[in-house]
Amino acid sequence: MEAANNSDMETNPEPQIIYRCKKCRRIVAAQENVVVHEPGVGEKCFKWKKRSVGMEDEPPSCSSIFVEPLKWMEAVQEGSVEEKLQCMGCKARLGSFNWAGMQCSCGAWVNPAFQLHKSRIDECHS
């Protein structure tokens, strides 16, 4: 009986993660489009004006995901260097991009940066 279960697991790969616009549910990215970055050291990396008052030693967390440039990103296709990223379906603001790079909320610098805010997208398992 256990041998049958093992063969089922081999033929069924892990579910793919899909990212959708929270407003209209349009697919905006997949796990394979995500650009992984090394977490930074948190707010210690930010200019003093951008730091929280009671800077604590909690591990840094990312409030965004970074993806490779995708076809639906109109501003990228038009040749802009930096711009806001809007959903193709409902025009909701999902994030922004900058070819020169951006700093993640964890403190890491991502270059080039195509940032989607986690608060504006849903993570779905297919």
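At 38% relative accessibility, Arg 25 counts as partly exposed, a class that lies between buried (under 20% relative accessible area) and exposed (over 50%), with a 1.4 Å probe and protein chains only. The model is predicted, so local features need pLDDT of at least 70 and side-chain atom pairs count only at pLDDT 80 or more, while totals for chains, interfaces and linings use all residues. Residues are numbered from 1 along each chain as its sequence is written, and side-chain values use heavy atoms, with hydrogens and water left out.

Arg 25 is located in the loop between E1 and E2; helices (H or I, at least four residues) and strands (E, at least two) are DSSP runs, numbered from the N terminus. Although Arg 25 is not a glycine, its phi is positive, at about 70 degrees. The side chain of Arg 25 forms a salt bridge with that of Asp 122, at 2.8 Å from N to O. Because Asp 122 belongs to strand E9 and Arg 25 to the loop between E1 and E2, this pair ties together parts that are 97 residues apart in sequence. Asp 122 is partly exposed, at 22% relative accessibility.

The salt bridges number two, the criterion being a side-chain nitrogen of Lys or Arg within 4 Å of a carboxyl oxygen of Asp or Glu. In the salt bridge between Lys 91 and Glu 74, the N to O distance is 3.7 Å. Lys 91 is in the loop between strand E4 (82-86) and strand E5 (93-98) and Glu 74 is in helix H2 (residues 74-77), so the contact ties together parts that are 17 residues apart in sequence. Lys 91 has a relative accessible area of 42% and is partly exposed; Glu 74, with 39%, is also partly exposed. Lys 91 is not a glycine, yet has a positive phi of about 65 degrees.

Strand E9 is also part of an open sheet of three strands, in the order E2-E1-E9, with antiparallel pairing. Two strands pair if DSSP finds at least two bridges between them. Strand E2 (27-30) and strand E9 (121-125) are the edge strands, each pairing on one side only. On average, neighbouring strands of this sheet are turned by 30 degrees against each other, direction ignored; axes are lines fitted to C-alpha atoms, for helices over the stretch in contact, and angles run from 0 to 180 degrees between N-to-C directions. Strand E1 (residues 17-21) and E9 run antiparallel and are joined by five bridges. Tyr 19 has Glu 123 in E9 as its bridge partner.

Two aromatic pairs are found in the whole structure. Rings of Phe, Tyr and Trp (its six-membered ring) pair if their centres lie within 6.5 Å; planes under 30 degrees apart count as stacked, over 60 as edge-to-face and the rest as tilted. Phe 97 and Phe 114 are stacked, with 5.5 Å centre to centre and 10 degrees between the planes. This pair links strand E5, which holds Phe 97, to strand E8, which holds Phe 114, 17 residues apart. Phe 97 is buried, at 1% relative accessibility, and Phe 114 is buried, with a relative accessible area of 1%. Trp 99 and Phe 114 form an edge-to-face pair, with 5.0 Å centre to centre and 85 degrees between the planes. Trp 99 lies in the loop between E5 and strand E6 (102-103), 15 residues from Phe 114, and is partly exposed at 38%. Phe 97, Trp 99 and Phe 114 make up one aromatic cluster.

The peptide bond from Asn 111 to Pro 112 is cis, with omega near -15 degrees. Pro 112 lies in the loop between strand E7 (109-110) and strand E8 (113-117).
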